[in-house]
Amino acid sequence: MTALLSVEAVTKRFRGLVAVDEASFAVEAGEIFAVIGPNGAGKTTLFNMIAGVFAPDDGRILFGGERIDGRRPDEIARRGIGRTFQIVRPFPALTVEDNVIVGALLRADGVDAARQHAHELLRRLDLYDRRARPAASLTLPDRKRLEVARALATRPRLLLLDEVMAGLRPTETDRMVAILRELIGGGLTILLIEHVMRAVMALATRVLVLHHGAAIAQGTPEVVVREPAVVASYLGAETL
Amino acid sequence: MKRLWEETSPHGRVLIAVLLAVLAAAPAFTDRYVLTVLILVLYFAYLGQAWNLLMGFAGQLSLGHALYLGLGAYVSAALWLHLGLGPLVSLVPAVAAATACGLAVGWLGWRFGIEGVYFALLTIAFAEFTRIAFDNIDFVGGSGGLFLPVEPERAGEWWNLRGGPALFYYIAFALAAGAALLAAWLRHSPLGYRWLAVREDPEAARALGINVFRARMIAMAISSGMTAVGGVFYAFYSRNLFPAQVFDIGRSIELILAPIVGGLGTVFGPVIGAFILTPLGEALIAVTESLGVNAPGAKAVFYGLALIAIIYLRPNGVWPWLAHLLRLDEPRR
């Protein structure tokens, strides 16, 4: 069986800096695949290549068996990859509901159908009561959930989550973990970048560890956190 | 359309009905001078609506809409003079020419990542060099101007836009009302949502599958085409065209004031803005003239002050504030 997403020896250089260095991995349908690593390891760059923000200098990215590297972000979204941004980017002047409607319009037949879908997602992400407020007025945890709701509204097959747990309190993290679990049950596949190990350990089926742009370990969370290279470069000896 | 009406609150419907009724009856109880001021009000409400689609909805600043206004005016006037084509027919090539130019400007800017202020500079440049070009095209009179002859024998041909102020008043009224309705409908359409997303954050919009370039181009096509219709109206209303006036940057600025003062990105903003600015500007001229003061720049100074006041007091424009006062800002669902 071919993987839903496969990243094959992808490299990205910014002038002299090699941000991602021949990274390879494959995400199977129904998985929660986590990419972890210290700041500057190239995680967001990797994400941006998958989402089409920039093209890799080398290597290929396949989604559902078709090459998507070098395609535009909107084309990739239409093919079924939704994403969130590490620094959240709600449409500030629009209401919470309208933010999600914009996403839902990608697949919905008309505004009414989009609104209905948006309401479902807002309920699921505990934002329904705040739907009439401008997105600019939300607190950070709410904005993070709005970001997820808006990406989900495009009915993606693969959801890219860029540090959606960062800045959340432990109870909020647990709530988000529960929401993501539910989504996986509904047939979604998730690729996440995460610093919050509590979430990674609770969620991920497999983990890829990036360091200076290179993949230094890959496997189940239990195995990866015991790898000496990972402990040395990222987690620190005292963690776990 | 039906949905729009249903989503308007009951007292909102009453206010709209009263406004339309008063405007429809206006020629019966106003004198000629007031009527000409009202024609200007509705004309600027219409043009403001066209410009607002691009700026208020799609978020791209054009400071060169005089280009589309002038093209619409010149194409229809030239076809009337040289080929005897009436405005109802020449409307089509006039709109086509302006839309083609609008799309060319949009393509040149957005294809190459020129946005915001730099895009605005590009629009000024195109309007300016078109002005200079028209100064030198003898076919349309060059800098000496283009004049539509009086031809008293055709005075009653309303279909050729020949008639008194009442005729032009009702045309301007229909244009302004139609444009407001179109803007309201677009705002609530899938396209309208995409425009707002593109305006708010192009990168986030892309991540949701929106083709930002296409969304902007559609906004430009509709906006420039609508502006050209205003140009046709202008040509047959004023009956003389000079490149230095029609394509002047002052024209471009003048037509964006109403939506800015009234409220960018709102449907009623351009209407309210035109109703505030135009009568005050005209009244100022009347007052300075009656005092025997010759102050040709007074209106421009007044518009400048009005803009400063509005940006200081109501940065989102008059309409959002007024809508809140009238409790029209809570849509029913």
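Analyst: Two strands are said to pair if DSSP finds at least two bridges between them. Helices (H or I, at least four residues) and strands (E, at least two) are DSSP runs, numbered from the N terminus. The structure is a predicted model, in which local features need pLDDT of at least 70 and side-chain atom pairs count only at pLDDT 80 or more, while totals for chains, interfaces and linings use all residues. Residues are numbered from 1 along each chain as its sequence is written, and chains are lettered from A and ligands numbered from 1 in the order in which they are written.

The part selected is strand E9 of chain A, which comprises residues 206–211. This strand is mostly covered, with 5 of its 6 residues buried (20 or more other C-beta atoms within 10 Å of the residue's own, placed from the backbone). Across chain A, buried residues account for 49% of the 240 residues.

E9(A) has two pairings to describe. Strand E3 of chain A (residues 32–36) runs parallel to E9(A), and 4 bridges join the two. Here A:Phe33 faces A:Arg206 of E9(A) as its opposite residue. The pairing with strand E10 of chain A (residues 214–219) is antiparallel and extends over 5 bridges. In that pair, A:His211 stands opposite A:Ala214 of E10(A). E9(A) and E10(A) form a hairpin with 2 residues between the strands, and in this hairpin A:His212 adopts a positive phi near 50°.

Chain A also contains an open sheet of 4 strands, ordered E2-E1-E4-E5 with antiparallel pairing. Its edges are strand E2 (17–27) and strand E5 (66–67) of chain A, each of which pairs on one side only. Between strand E1 (residues 5–14) and strand E4 (residues 58–63) of chain A there are 5 bridges in the antiparallel sense. One of the residues involved is A:Val7, whose bridge partner in E4(A) is A:Ile61. Helix H1 of chain A (residues 43–50) packs on this sheet and touches E1, E2 and E4 of chain A. The direction of H1 makes about 65° with that of E2(A), with axes fitted to C-alpha atoms, for helices over the stretch in contact, and angles run from 0 to 180 degrees between N-to-C directions.

In total, chain A holds 9 helices and 10 strands. Its C-alpha trace spans about 50 × 40 × 35 Å along the principal axes. The radius of gyration, taken over C-alpha atoms, is 18 Å, which agrees with the value near 18 Å for a compact globule of 240 residues (2.2 Å times the number of residues to the power 0.38). Of the contacts (C-beta atoms, placed from the backbone, within 7 Å) in chain A between residues at least 6 apart in sequence, 63% join residues at least 24 apart.

The domain assignment, whose bounds come from an automatic or database source, divides chain A into domain 1 (5–80 + 156–235) and domain 2 (95–154). The C-alpha centres of these two domains of chain A lie 24 Å apart. Their contact takes 9 residues from domain 1 and 11 residues from domain 2. On the side of domain 1 that touches domain 2, H2 and helix H6 (170–185) of chain A give two or more residues each.

Finally, 21 residues of chain A are in contact with 17 residues of chain B. On the chain A side, helix H2 (73–79) and helix H3 (96–104) of chain A are the elements that give two or more residues.

Key: Contact = placed C-beta atoms within 7 Å. Buried ≥ 20, exposed ≤ 12 C-beta atoms within 10 Å, placed from the backbone.
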